[in-house]
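Look at the structure first, then read on.

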Amino acid sequence: MPRGINLVKYLANKFHHYLLRLKKSSKVAYPSAIMFELTNLCNLKCITCAREYKLGAEMNKGFLKFDAFKKIFDELNPYVDSIGLTGLGETLLYKQLTDVVDYIRSRNKGVIIFISTNAHLPDTEDIISSIADKIDTVQISIDGTGDVHNSIRRGGDYSFFIANTQKIIDAVKGLRADVMFNMVVFEENYRQMAEVVMLAERLGVKSVFFNTMNILSTDWDTQRYEFYHTDSFIDELSRVEDLAIKSGIELTTFDFTTPHGFRKCGFPWNHFYITWDGFLVPCCAKPFPLEMNFGNAFKVGLQNCLNSASYRNFRNLWYKNITPDFCENCHTINLKAVNK
């Protein structure tokens, strides 16, 4: 928690947020959670990644300018509770990652900092060691084990991945950061959920997140979502949930219980996403400014983008539970509640 005058500002913003939602306003207060896309470049070509499809091929590519980041963070501080230094690209390719983390800590010692990596860079250990006592979570993306991992995460090498993952775990041991696994589960790899849980137990990774494949930015058909209603998937997920309990692994999965629809999505209200070149986009699943954006935060300021006319219209659709064209193929919209 902030102190002094910053604590007053922080609490006033929380109250402002509460009042706006109470009034069902389309405006938002300063956000408590945000994602900065440090880069949209990556060393792998995963079939689950939006950057490997049409919109990804057409996007502009680059790295976030450090001075631009500082400007937006100064606007956010002291209101923000958590920051994700991650996005469409590989976070550890960003050469000024340590500078960004140090700047956040110099301004706000309590904010939660989260990064994500595919653990496939040769200097991973050195980078993580430099920030392990300054960040809170290192999320490692893993979409299976062995040959399945390599077939999904194209350009990857599972043996190298395991060695690097062990180095990350060793680097954070006894320090501030925790390590977690993130797995995108779909028909091609769902039988490997148990193996990922057992791998987590063996390596000492205490939490695993299973998410469903979001085809929003891909050329896949929405029929893909029907897989999550099959007995084979439901039974396997139930078995793996029991395994996680026995193994002492904290397991989180996609929300399979809340009715689908636009109002299931929380992105219009929080956990906002800023692209490397400053655009505020609807979400991390389709972070392509050429497709849709609500303004450039580097040019007009974050809060002006958050409460722009276009973003407020977008939120008004949320209140009416009307799905925008932009969101039509999203799993939040299409994946019905699963009867387990």
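The lining of the second largest pocket has seven nonpolar, three polar and four charged residues. The model is a predicted one. That lining comprises 14 residues. Nearest the pocket centre lie Ala 177, Asp 178, Val 179, Gly 204 and Lys 206. Helix 7 (158-172) and strand 7 (178-185) each contribute at least two lining residues. The space in this pocket is about 240 Å³.

Rolling a probe the size of a water molecule over the atoms shows where empty space is left. How many cavities of 30 Å³ or more does the structure hold? There is one. The largest cavity has a volume of about 40 Å³. Strand 8 (207-212) and helix 9 (231-247) are the elements that give two or more residues to its lining. Strand 8 gives the most, with three residues. By class, the lining of this cavity has eight nonpolar and three polar residues, and no charged ones. Among the lining residues are Val 185, Met 193, Asn 211, Leu 237 and Thr 253.

A search of the whole structure gives 22 aromatic pairs. One of them joins Tyr 228 and Phe 233 edge-to-face, at 5.2 Å centre to centre and with 85° between the planes. Tyr 228 and Phe 233 are both buried. They belong to a cluster linked by ring pairs, together with Tyr 190, Phe 227, Phe 254 and Phe 256.

Arg 21 lies over the face of its ring, 4.1 Å from the ring centre. Arg 315 also lies over the face of Trp 269, at 5.6 Å from the ring centre.

Helix 4 (residues 97-107) has its own set of buried residues: Leu 97, Val 100, Val 101, Tyr 103, Ile 104 and Arg 105. What covers them? The cover includes helix 3 (66-76), strand 3 (82-85), strand 4 (112-117) and helix 5 (124-131).

Now the backbone. Most residues other than glycine have a negative phi, and most peptide bonds are trans. The peptide bond from Asn 77 to Pro 78 is cis, with omega near 10°. Pro 78 sits in the loop between helix 3 and strand 3.

| Residue | Phi | Loop | Relative accessibility |
|---|---|---|---|
| Ala 119 | about 55° | between strand 4 and helix 5 | 0% |

Which is buried and which exposed? Ala 119 counts as buried because its relative accessibility is 0%.

One more loop residue deserves a look. Thr 218 is found between strand 8 and helix 9. Is Thr 218 buried or exposed? Thr 218 counts as buried, because its relative accessibility is 15% and the cut-off for buried is under 20%. Leaving out residues up to four places away in sequence, Thr 218 touches Tyr 53 and Met 213. Thr 218 and His 331 are 113 residues apart along the chain, and their C-alpha atoms are separated by 12 Å.

Note on methods: Residues numbered from 1 in each chain as written. Predicted model: local features only at pLDDT ≥ 70, side-chain atom pairs only at ≥ 80, totals over all residues. Heavy atoms only, no water. 1 Å grid on protein atoms, 1.4 Å probe; cavity = no way out; pocket = protein on both sides within 12 Å on 5 of 7 lines; lining within 4 Å. Points joined across faces, edges and corners; volume = space filled by probe spheres on them. Helix = DSSP H or I, 4+ residues; strand = E, 2+ residues; numbered from the N terminus. Nonpolar A, V, L, I, M, F, W, Y, C, P; charged D, E, K, R; others polar. Buried < 20%, exposed > 50% of the residue type's maximum accessible area, 1.4 Å probe, protein only. Contact = heavy atoms within 4.5 Å. Phe/Tyr/Trp six-rings, centres within 6.5 Å; stacked < 30°, edge-to-face > 60°. Lys NZ or Arg CZ within 6 Å of the ring centre and 35° of its normal.
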